[in-house]
Amino acid sequence: MHLLIIDDHEIVRDGIKTLIEQEYGWHVSYAVSSLEELPSYATFEEIDVAILDISLVNGSGFDTLVKIKQQAPYVKCLMLSMYEHVGYISKALELGADGYVTKNAATKELIDALESLEKDENYLSSDLSKKLAFGDKCLTSILTEREKEVFLLLAKGFQPKQIAYHIDTAPKTVMVHRTNIYKKLNVTSQFGLLRIALETGYLDVSDVINDDVLIKEN
């Protein structure tokens, strides 16, 4: 199996390369800090699996993932990141990642992931699987459909009056929903709702920064 490693920390790239080649016999074709650092003669046709970090100095690992999947959908992509938030995991899977392992996981997790990808199987480490399951249960089973709608708008920073205008109801009704949501999720502020939304993958940072569903001047 031939691999590509993209991580902006040289010590991490070297460590993974040494582990893979000396201990398991796989071959690391390239170990670089970004796609732009690949030599001109490099092609994805010689790569079976790409190991990607999410946080890169010269860009986002998510953007790199998308580029690889667009140019070579046959290349398996494994995200190896320090981020354990459900939002990051969900986004990676949504964009086409074939596996996700945190840098805090044991070495065996990385090898298990590579072996799974080699067999055309997806891989998600056990601790992350539990996080995803909790995130889904947290909102799906606790909140009603209307409460989930209000929850997401509150998490984005909108106020009851604005939400009432958007969902065509009375501000007092939204206030009741907000009280119930706070109680069910055990939070006391909209910031607390934002944290839950990010951790469970219902929102990511771009949803909050670039949201244009509502006009906040309403």
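**Stop 1: a loop residue**

Select Asp-120. Its place is in the loop between α4 and β8. Keep in mind as you look that this is a predicted model. The phi of Asp-120 is near 65°, a positive value in a residue other than glycine. Is Asp-120 buried or exposed? Asp-120 counts as exposed, because its relative accessibility is 59% and the mark for exposed is over 50%.

The side chains of Asp-120 and Lys-76 meet in a salt bridge, at 3.6 Å from N to O. Lys-76 lies in strand β6, while Asp-120 sits in the loop between α4 and β8 (123-124), so the pair ties together parts that are 44 residues apart in sequence.

**Stop 2**

Pick out Leu-52 in β3. Which residue is its bridge partner in β6? The partner is Met-79.

Now show strand β1, residues 2-6. β1 and β3 also pair in the parallel sense, over four bridges. Select Leu-3 and look across: Leu-3 stands opposite Val-49 in β3.

**Stop 3: just past β3**

Select Asp-53 and Lys-103. They form a salt bridge, with the closest N and O atoms 3.1 Å apart. Asp-53 lies in the loop between β3 and β4 (55-56), and Lys-103 in the loop between β7 (99-102) and α4 (107-118), so this pair ties together parts that are 50 residues apart in sequence.

Which end of this pair is buried, and which is partly exposed? Asp-53 is buried, at a relative accessible area of 4%. Lys-103 counts as partly exposed, at 31%.

Asp-7, Asp-53 and Lys-103 are linked in a network of salt bridges. How many salt bridges does the structure hold? It holds 10.

**Stop 4: helix α1**

Move to helix α1, residues 10-24. Select Lys-17 and Glu-21. Both lie in α1, four residues apart, about one turn of the helix. In an α-helix there are 3.6 residues a turn, so residues three or four places apart point the same way. Lys-17 and Glu-21 form a salt bridge, and their closest N and O atoms are 2.9 Å apart. Lys-17 is partly exposed, with a relative accessible area of 29%. Glu-21 also counts as partly exposed, at 26%.

**Stop 5: two rings**

Select Tyr-24 and Trp-26. The structure holds one aromatic pair, and it is formed by these two residues. The pair is stacked, at 6.0 Å centre to centre and 20° between the planes. It counts as stacked because planes under 30 degrees apart do so. Tyr-24 is partly exposed, with a relative accessible area of 39%. Trp-26 is buried, at 10%.

**Stop 6: helix α8**

Go to helix α8, residues 171-185. How far apart are its end C-alpha atoms? They are 21 Å apart, which agrees with the 21 Å that its 15 residues should span.

Select Val-174, His-177, Ile-181, Tyr-182 and Leu-185 in α8. These residues are buried. They cover an arc of only 135° around the axis, which puts them on the same side of α8.

Now turn the helix around. The face turned away from the buried side of α8 carries the exposed residues Lys-172, Thr-179 and Lys-183.

**Last stop: after α8**

Select Asn-186, which follows α8. Where does Asn-186 lie? Its place is in the loop between α8 and α9 (190-199). The phi of Asn-186 is near 60°, a positive value in a residue other than glycine. Asn-186 is exposed, with a relative accessible area of 70%.

Notes. Residues are numbered from 1 along each chain as its sequence is written. This is a predicted model: local features need pLDDT of at least 70, side-chain atom pairs count only at pLDDT 80 or more; totals for chains, interfaces and linings use all residues. Side-chain values use heavy atoms; hydrogens and water are left out. Rings of Phe, Tyr and Trp (its six-membered ring) pair if their centres lie within 6.5 Å; planes under 30 degrees apart count as stacked, over 60 as edge-to-face and the rest as tilted. Buried means under 20% relative accessible area, exposed over 50%, partly exposed in between (1.4 Å probe, protein chains only). Two strands pair if DSSP finds at least two bridges between them. Helices (H or I, at least four residues) and strands (E, at least two) are DSSP runs, numbered from the N terminus. The expected span of a helix is 1.5 Å times one less than its number of residues. The arc is that of the directions from the helix axis to the C-beta atoms. A salt bridge is a side-chain nitrogen of Lys or Arg within 4 Å of a carboxyl oxygen of Asp or Glu.
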